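User: I would like to learn how to read the features of a structure, starting with the overall fold. Please give the general idea each time and then the case at hand.

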Amino acid sequence: MAVSDATGFQSFDTPLDAPIEIYTDRHGVSAIFFNLDRQKQRPDRPNALTRIAARQLREYFKGKRQTFDLPLSTLALDNPVTEYRRKVWSTLLEIPYGQTRTYTDIAKKAGGSPRSVGTANGRNPLCIVVPCHRVVGKNGLGGYGGPLIPEKGAELLEIKRRLLEHEQRHA
């Protein structure tokens with residue numbers, strides 16, 4: 001896929017009352033976010049990869065998909081993400097559908113501390129596909145969505161809770 005064909009954007013509604021936005025670049029899917037403002041920021045410019053990602057995410061929400069088969073830009077070695085974040089995010093991909101791990105569990109596997117895992121999770125640009133929602137605190141859900149949008153913390157935590165319930169229901 002050429003660079004000009006690779007950059008794409010597509011959004012769609014989810015059963016979580018927040019649309020999802022999918023972005024692609026020359027390496028693959030570069031970002032998947034919940035649009036908590038619920039206002040379209042730009043017109044869709046879908047390409048083959050955004051369509052595939054949207055189809056797989058819709059299947060996930062219908063309980064028909066537990067894993068994703070997508071090229072992930074943020075895991076590409078020439079992406080300017082820190083090696084530690086890449087390692088944490090790769091570790092998240094190992095958490096089975098419908099299960100959770102604690103920040104401490106991920107820290108033991110990826111290195112670092114539970115706090116550094118939380119920071120890496122908060123910077124994860126590929127919600128659901130890189131399942132940071134499956135990482136919980138020792139005594140509760142932990143956070144979701146990171147420090148980038150702190151004013152939406154309660155709403156994001158509710159999305160995390162609903163994602164976990166969805167997976168447990170369909171596991």
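**Reading the fold**

Analyst: Along the sequence, the chain runs α-β-β-β-α-α-β-α-α-β-α. Helices (H or I, at least four residues) and strands (E, at least two) are DSSP runs, numbered from the N terminus. This is a predicted model, in which local features need pLDDT of at least 70 and side-chain atom pairs count only at pLDDT 80 or more, while totals for chains, interfaces and linings use all residues. Residues are numbered from 1 along each chain as its sequence is written, and side-chain values use heavy atoms, with hydrogens and water left out.

User: How many helices and strands does the chain have, and how compact is the chain?

Analyst: The chain has 6 helices and 5 strands. Its radius of gyration is 15 Å, close to the 16 Å from the globule rule for 171 residues, so the chain is as compact as a globular protein of that length. The radius is taken over C-alpha atoms, and the rule is 2.2 Å times the number of residues to the power 0.38. The C-alpha trace spans about 45 × 35 × 30 Å along its principal axes.

User: What share of the residues is buried, and what share of the contacts links residues 24 or more positions apart?

Analyst: Buried means under 20% relative accessible area, exposed over 50%, and partly exposed in between (1.4 Å probe, protein chains only). Of the 171 residues, 47% count as buried. A contact means heavy atoms within 4.5 Å. Among contacts with a separation of 6 or more, 59% are between residues 24 or more positions apart.

User: What does the surface consist of, and how are the charges placed?

Analyst: Areas come from the Shrake-Rupley method with a 1.4 Å probe; for residues, only the protein chains shown count as cover. The chain exposes about 8,800 Å², and carbon and sulfur atoms supply 51% of that area. For charges, Lys and Arg count as positive and Asp and Glu as negative, with His and the chain ends not counted. Each charge is placed at NZ of Lys, CZ of Arg, CG of Asp or CD of Glu. There are 26 positive and 18 negative side chains, and the centres of the two sets lie 3 Å apart.

**Aromatic pairs**

User: How many aromatic pairs does the structure hold?

Analyst: A pair of aromatic rings is described by the distance of the centres and the angle of the planes. Rings of Phe, Tyr and Trp (its six-membered ring) pair if their centres lie within 6.5 Å; planes under 30 degrees apart count as stacked, over 60 as edge-to-face and the rest as tilted. The structure holds 4 aromatic pairs. In one of them, the ring centres of Phe9 and Tyr23 are 4.9 Å apart and the planes are at 50°, so the pair is tilted. Phe9 lies in strand E1 (residues 8-12) and Tyr23 in strand E2 (residues 20-25), so the pair ties together parts that are 14 residues apart in sequence. Phe9 is buried at 3% relative accessibility, and Tyr23 is buried at 18%.

User: What is the geometry of the pair Tyr60 and Tyr97?

Analyst: The ring centres of Tyr60 and Tyr97 are 6.1 Å apart with planes at 85°, so this pair is edge-to-face. Tyr60 lies in helix H2 (residues 48-61) and Tyr97 in the loop between helix H3 (83-92) and strand E4 (101-102), so the pair ties together parts 37 residues apart in sequence. Tyr60 is buried at 0% relative accessibility, and Tyr97 is buried at 9%. Ring pairs link Tyr60, Phe61, Phe68 and Tyr97 into a cluster.

**Packing and backbone**

User: Which residues of H5 are buried, and what do they pack against?

Analyst: Val117, Ala120, Asn121 and Gly122 are buried in H5. The buried residues of H5 pack against H3, helix H4 (103-110) and E5. Arg123 lies in the loop between helix H5 (114-122) and strand E5 (135-136), and is partly exposed at 32% relative accessibility.

User: Which residues other than glycine have a positive phi, and are they buried or exposed?

Analyst: Asp17, in the loop between E1 and E2, has a positive phi of about 65° although it is not a glycine. Asp17 is exposed at 53% relative accessibility. Ile128, in the loop between H5 and E5, has a positive phi near 70°. Ile128 is buried, with a relative accessible area of 0%.
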